[in-house]
Amino acid sequence: MSLTLKPRTQVRAKISSVGAYVPPRLLTNADLEKMVETNDQWIVERTGIRERHLVDKGVATSDLATEAAKCCLAKRGMDASEVEVIIVATVTPDMLFPATACLVQDKLGAKGAWGFDLSAACSGFPYALQVGAKLIESGMHKKVLVIGADVMSSIIDYTDRATCVIFGDGAGAVLLEPCQEGEVGLVDYWHEIDGSGAVSLNMPGGGSLHPATAETVAQKMHYVHQDGQAVYKFAVRKMAEAAETVLNRNGVAGTELGCFIPHQANKRIILSTADRLGMPEERVIINIDRYGNTTAGTIPLAMQTALEEGRLKKGDLVLLASVGAGFTVGATLLRWEF
């Protein structure tokens, strides 16, 4: 028996299209003032959020992910049948199994695709982006759909003012394809996890440790639990460290970036990181005021905002950065190619 191995292909991956979707229903700070002990000034000063979008009953993560994917493919002028891989970053899957990627594949009609879900909370999109890029770089795939989508309202306790003011629902998708001659695409990344932070941000119920019972429901274990101060301190430090690490090892200064697209967790965290990188605010994409924290959806949603506002242009060096539950940390350097 003889085995013929394919030669290793030297290919770079690039983002070739972006799509986004948020449900139409709004939850404003004024609405929250009627639900919990809080006020608009307090929320805006501490988070930068003014409103967030929430799904109606019966709308799931796969629905948002599918709409974002349809938008992304339509902009590329590509049929879903051409998609080879679907990766969905989410912490709010429609159900524990099958994977949300399977449901998206069916709703899109992407008959030739395989795929899977990736769980890394707010760092889910940059993590999934790198997995997709490596599939392109391997030479085995040419069209990979990477989606960040979460219906955070499904796991938020709207009597807990520590969490209910922060999160919203939304999805974003990008298409990854091989670079053409002269293009650079994704340059480098830095990822890190610190599992000791798991106690500071989690949803304790519903897994194998605490399966759903009447008791876990009564104890509100199926909602997000957060130690806000611990998360804030870690995020301020680590988002900047991850960003500096990936820039320094590629010889890039913050001032050379055309655009900084961070995870939208907190406006103060974003501006602190930008200041440390020496980046002017006009080159930092912030849309947390309109969407809140959509977890895996924030970075692709912010990409869409940057494109709509004309602040992301072909040839720009772009930095992505995130910190999420886990704790997870990620930073990505890329050149925008369309």
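## A65 and helix α3

A65 is buried, with a relative accessible area of 0%. The model described here is predicted. A65 belongs to helix α3, which covers residues 61-76. Setting aside neighbours within four places in sequence, A65 is in contact with V104, I147, A149 and A171. The chain also brings D150 to this region: the C-alpha atoms of A65 and D150 are separated by 8.3 Å, although the two residues are 85 apart along the chain.

A65 is one of several buried residues in α3; T61, S62, L64, A65, T66, A68, A69, C72 and L73 are buried there. The cover over the buried residues of α3 includes strand β1 (13-21), helix α4 (100-108), and strands β6 (144-151) and β7 (169-178). Just after α3, G77 has a positive phi of about 70°.

## Helix dimensions

| Helix | Residues in helix | Span | Expected span |
|---|---|---|---|
| α3 | 16 residues | 23 Å | 22 Å |
| α5 | 14 residues | 20 Å | 20 Å |
| α8 | 21 residues | 30 Å | 30 Å |

Helix α5 takes in residues 124-137. Because 11 of its 14 residues are buried, α5 is largely enclosed by the rest of the structure. The buried residues in α5 are G124, F125, P126, Y127, A128, L129, Q130, G132, A133, L135 and I136. After α5 comes G139, with a positive phi near 90°.

In α8, the buried residues are V231, F234, A235, K238, M239, A240, A242, A243, V246 and L247.

In soluble globular proteins, nonpolar side chains tend to be buried together. The largest nonpolar core in this model has 45 residues, and L247, L257 and L319 have the most contacts inside it. The elements that give two or more residues to this core are α8 (228-248), α9 (267-277), β12 (317-324) and β13 (328-335). The largest share, 8 residues, comes from α8.

Which residues does L257 touch, not counting residues up to four places away in sequence? They are L247, V252, M279, R283, L317, V318, L319 and L333. Apart from this core lies another, of 33 residues, among them A13, V18, Y127 and A133. Y127 and A133 are also among the buried residues of α5.

## Two loop positions

N293 sits in the loop between α10 (288-291) and α11 (298-308). Is N293 buried or exposed? N293 is buried, with a relative accessible area of 3%, which is under the 20% cut-off. A polar atom of the N293 side chain lies 2.8 Å from the backbone nitrogen of T295. Leaving out neighbours within four places in sequence, N293 is in contact with I49, C122, M152, I166, F167, G168, H263, Q264, A265 and T298.

M95 is also a loop residue, placed between β4 (85-89) and α4. M95 is partly exposed, with a relative accessible area of 39%; this value falls between the 20% and 50% limits. The C-alpha atom of M95 is separated by 9.5 Å from that of A60, and the two residues are 35 apart along the chain.

## The protein as a whole

The secondary structure comprises 11 helices and 13 strands. For 338 residues, a compact globule would have a radius of gyration near 20 Å; the protein has 19 Å, so the two agree. Taken along the principal axes, the C-alpha atoms fill a box of roughly 65 × 45 × 35 Å.

Of the 338 residues, 53% are buried. The accessible surface comes to about 14,800 Å², and carbon and sulfur atoms account for 53% of that area. Among contacts between residues at least 6 apart in sequence, 76% join residues at least 24 apart.

Technical notes
Residues are numbered from 1 along each chain as its sequence is written. This is a predicted model: local features need pLDDT of at least 70, side-chain atom pairs count only at pLDDT 80 or more; totals for chains, interfaces and linings use all residues. Side-chain values use heavy atoms; hydrogens and water are left out. Helices (H or I, at least four residues) and strands (E, at least two) are DSSP runs, numbered from the N terminus. Buried means under 20% relative accessible area, exposed over 50%, partly exposed in between (1.4 Å probe, protein chains only). Contact means heavy atoms within 4.5 Å. A nonpolar core is a set of buried Ala, Val, Leu, Ile, Met, Phe, Trp, Tyr and Cys residues joined through side-chain atoms within 4.5 Å. The expected span of a helix is 1.5 Å times one less than its number of residues. The radius of gyration is taken over C-alpha atoms; the globule rule is 2.2 Å times the number of residues to the power 0.38. Accessible areas come from the Shrake-Rupley method with a 1.4 Å probe; for residues, only the protein chains shown count as cover. A polar contact is a pair of N or O atoms within 3.5 Å; within protein, one must be able to donate a hydrogen and the other to accept it, and residues adjacent in sequence count only if both atoms are side-chain atoms.
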